[in-house]
Amino acid sequence: MAAPALTPAQLEAVAHTLKLQAQGLGFEPVGISAVPGSGRLQLRTAALERWLAAGHQGSMDWMADPRRRAVEALLPGVRSLLAVGLNYYVEAERQPGSLAVARYGWGRDYHRVIDGRLRQLGRWLESQVPTVQWRACVDSAPLMDKAWAEEAGLGWIGKHGNVIHPKRGSWLLLGHLLTTLELPADAPSPTLCGRCTACITACPTEAIREPFVVDSRRCLAFHTIENRDPQLPQEIQQGLGPWVAGCDICQEVCPWNQQPLESSTDPDLQPRPWLLNLQAEPALQWDDATWDTHLRASALRRIKPWMWRRNIAAASP
């Protein structure tokens, strides 16, 4: 015999407690979006299709995975998504004259951190509703994670392509828990970039071709992390500056990141000291084993040791 359906009041209670459980695991903000989403999600899907057609994904062929535009393919029967944000802003700065590494890579591999905590939430949900199906997704899954986070009210997608929260800025790592429960949804976030073009103006390689459209082929983050060519393109080298692993320029200039921001005390997100004082001359002498030690349990392992050397040789602190 099938389990009885939950009443609206029971679903409301489950949603409320699920959010509290998520907050207890360090996620904030949290929100819920309904499947299939609002009309704006359809617009985001159409924008993704235009972005792919223009070739802006570069060599990231996985961005064209059709499941990215069909959340039902990730979890048959999905009815809701719990979207969570993990604040990775830490009040720390790199040493003057050192090479620059994007903040998202300062701590432990966020994929592992977020996935493990989402799985805890999934198991809790299953303990409350044994018939539920769920799936944890981080940004390595073929999901329009930023669009669904926007749907769930976590923030809006800024002109630089990152989700912006009005009090936490854009320093948010995203995760989603897909579920077959039809949980009450939160209101989507309004878009609050206004006429600001700070991120577009600041990009040294003009990668933000127009508001909300980032061409990966011009992006420093793409080239330092994904480009597997022996040499970086000349125009990328010219705009590289100190950046050797990712790039935070468009986020650093965002007015929403200029306000006083809460510094994360999460142990998993605290910076490894060597990343704040990375000097070119000694780093170019590190062998693969040394790099392996430095990058243990780091999202930056995606950058292979030879790529680090390539990037460092091209950078200028």
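**View 1. Tryptophan 274 and tryptophan 291 are both buried.** Buried means under 20% relative accessible area, exposed means over 50%, and partly exposed lies in between, for a 1.4 Å probe and protein chains only. The two residues form an edge-to-face aromatic pair, with 5.9 Å centre to centre and 75 degrees between the planes. Rings of Phe, Tyr and Trp (its six-membered ring) pair if their centres lie within 6.5 Å; planes under 30 degrees apart count as stacked, over 60 as edge-to-face and the rest as tilted. Tryptophan 274 lies in the loop between helix 8 (249–252) and helix 9 (280–283), and tryptophan 291 lies in helix 10 (residues 288–294), so the pair ties together parts that are 17 residues apart in sequence. Helices (H or I, at least four residues) and strands (E, at least two) are DSSP runs, numbered from the N terminus.

This is a predicted model, in which local features need pLDDT of at least 70 and side-chain atom pairs count only at pLDDT 80 or more, while totals for chains, interfaces and linings use all residues. Residues are numbered from 1 along each chain as its sequence is written, and side-chain values use heavy atoms, with hydrogens and water left out.

**View 2. Ring pairs link Trp274, Trp286, Trp291 and Trp308 into a cluster.** Within it, tryptophan 286 and tryptophan 291 form an edge-to-face pair, at 4.9 Å centre to centre and 70 degrees between the planes. Tryptophan 286 is buried, as is tryptophan 291. The whole structure holds nine aromatic pairs.

**View 3. Helix 1 (residues 8–24) has 17 residues.** From first C-alpha to last, helix 1 reaches 24 Å, close to the 24 Å expected at 1.5 Å a residue. The expected span is 1.5 Å times one less than the number of residues. Leu11, Val14, Ala15, Leu18, Lys19 and Ala22 of helix 1 are buried. They cover an arc of only 135 degrees around the axis, which puts them on the same side of helix 1. The arc is that of the directions from the helix axis to the C-beta atoms. An α-helix has 3.6 residues a turn, so residues three or four places apart point the same way. On the face turned away from the buried side are the exposed residues Ala9 and Gly24. Cover for the buried residues of helix 1 includes strand 1 (30–34), strand 2 (80–87) and helix 3 (110–128), where contact means heavy atoms within 4.5 Å. Just after helix 1, glycine 26 has a positive phi of about 100 degrees.

**View 4. Strand 1 and strand 2 pair in the antiparallel sense over five bridges.** Two strands pair if DSSP finds at least two bridges between them. Alanine 34 has serine 80 of strand 2 as its bridge partner, and valine 30 has valine 84. Four of the five residues of strand 1 are buried, so strand 1 is largely enclosed by the rest of the structure.

**View 5. Both faces of strand 2 are covered.** Ser80, Leu82, Val84 and Leu86 are buried on one side, and Leu81, Ala83, Gly85 and Asn87 on the other. In a regular strand the side chains alternate between the two faces of the sheet. Strand 2 also runs antiparallel to strand 7 (residues 172–179), joined by eight bridges. In strand 7, leucine 178 is the bridge partner of leucine 81.
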